[in-house]
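Work through the exercises below with the sequence and the model side by side. Try each task before reading its solution.

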Amino acid sequence: MRKSQITRKTAETEIDVTVDLDGTGQYDNETGVGFFDHMLDQLARHSLIDMKIRCKGDLHIDDHHTVEDVGIALGQALREAVGDKKGITRYGACLLPMDDALVRAALDLSGRPFLVWNVDLPTSKIGTFDTELVREFFQALSTHGGITLHVDALHGFNSHHIAEAAFKAVARALRDAVETDPRKADAIPSTKGAL
């Protein structure tokens, strides 16, 4: 039941996103941006959220609209799939090493979007991909997913490793946060009674 499909069409992008929170990490992502597809695959695989994303964007301009708008649509899909948040763990955190990189991610499916981003990517490009778009994606995901998200790169000198560790760390934190709490599967995880 914790599934969602979002379609988003603008003058810049046409996007279809399907997610299943109770999946096994199956992925089928095609945005036209190779490195970004690789990162979305990591996000699905390590969160165990089944994810299918199709995006046709104005790549003749640059990758910005595609990456940001996929973040918007994916955030909306996650927010819809988690529903009223009854029974979820709500919080998740991960300290993830990848070779030279060590990235910490912590998040709260609070409904209150906020991004704290302490990640320095030492190069401006990973292949042809603008590294500044990594933050743009997570800003859009946080805002439209209603997620309080903190990401800190503690070590690293290789931009590819740092970026990939960030996606994997957020994925693992998200996996924990959307899991059903076996001790409180029938309750909203808040003293307010709503999130």
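**Exercise 1.** Is Arg-54 buried, partly exposed or exposed?

*Solution.* Start with the ground rules. This is a predicted model, in which local features need pLDDT of at least 70 and side-chain atom pairs count only at pLDDT 80 or more, while totals for chains, interfaces and linings use all residues. Residues are numbered from 1 along each chain as its sequence is written, and side-chain values use heavy atoms, with hydrogens and water left out.

Next, the cut-offs. Buried means under 20% relative accessible area, exposed over 50%, and partly exposed in between (1.4 Å probe, protein chains only). Arg-54 has a relative accessible area of 26%, so Arg-54 is partly exposed.

**Exercise 2.** Which residue forms a salt bridge with Arg-54, and which network does the pair belong to?

*Solution.* A salt bridge is a side-chain nitrogen of Lys or Arg within 4 Å of a carboxyl oxygen of Asp or Glu. Arg-54 pairs with Glu-30, with closest N and O atoms 3.7 Å apart. Now place the partners. Helices (H or I, at least four residues) and strands (E, at least two) are DSSP runs, numbered from the N terminus. Arg-54 sits in strand E4 (residues 50-57) and Glu-30 in strand E3, 24 residues apart, so the pair links distant parts of the chain. Glu-30 is partly exposed, at a relative accessible area of 43%.

Then widen the view. Salt bridges with shared partners join Asp-28, Glu-30 and Arg-54 into one network. The count by this rule is eight salt bridges.

**Exercise 3.** What is the strand order of the open sheet of four strands, and which strands stand at the edges?

*Solution.* Two strands pair if DSSP finds at least two bridges between them. The order is E5-E6-E10-E7, with mixed pairing. Strand E5 (91-98) and strand E7 (114-118) stand at the edges: each has a single partner strand, so one side of each is left without a neighbour in the sheet. Neighbouring strands are turned by 10° against each other on average, direction ignored.

E5 and strand E6 (residues 101-108) run antiparallel and are joined by eight bridges. Tyr-91 stands opposite Asp-108, and Ala-93 opposite Ala-106. Two residues separate the strands in this hairpin, where Asp-99 takes a positive phi near 55°.

Read the faces last. Side chains alternate along E5. Gly-92, Cys-94, Leu-96 and Met-98 point to one face and are buried.

**Exercise 4.** Which strands do helices H3 and H4 lie across?

*Solution.* Contact means heavy atoms within 4.5 Å. Axes are lines fitted to C-alpha atoms, for helices over the stretch in contact, and angles run from 0 to 180 degrees between N-to-C directions. Helix H3 (residues 132-145) lies across E7 and strand E10 (148-155), at about 160° to E7. H4 lies across E5, E6, E7 and E10, at about 150° to E5.

Follow the chain past H4. Arg-183 lies in the segment after helix H4 (159-178). Arg-183 is exposed, at 78% relative accessibility.

**Exercise 5.** Which element gives the most residues to the lining of the largest cavity?

*Solution.* H2 gives the most, with three residues. The elements that give two or more are H2 and H4. Among the lining residues are Leu-78, Arg-79, Val-82, Leu-174 and Val-178.

Note on methods
On a 1 Å grid over the protein atoms alone, a cavity is a set of points where a 1.4 Å probe fits but cannot get out, and a pocket is an open set with protein on both sides within 12 Å along at least five of seven lines; lining residues have an atom within 4 Å of a point.
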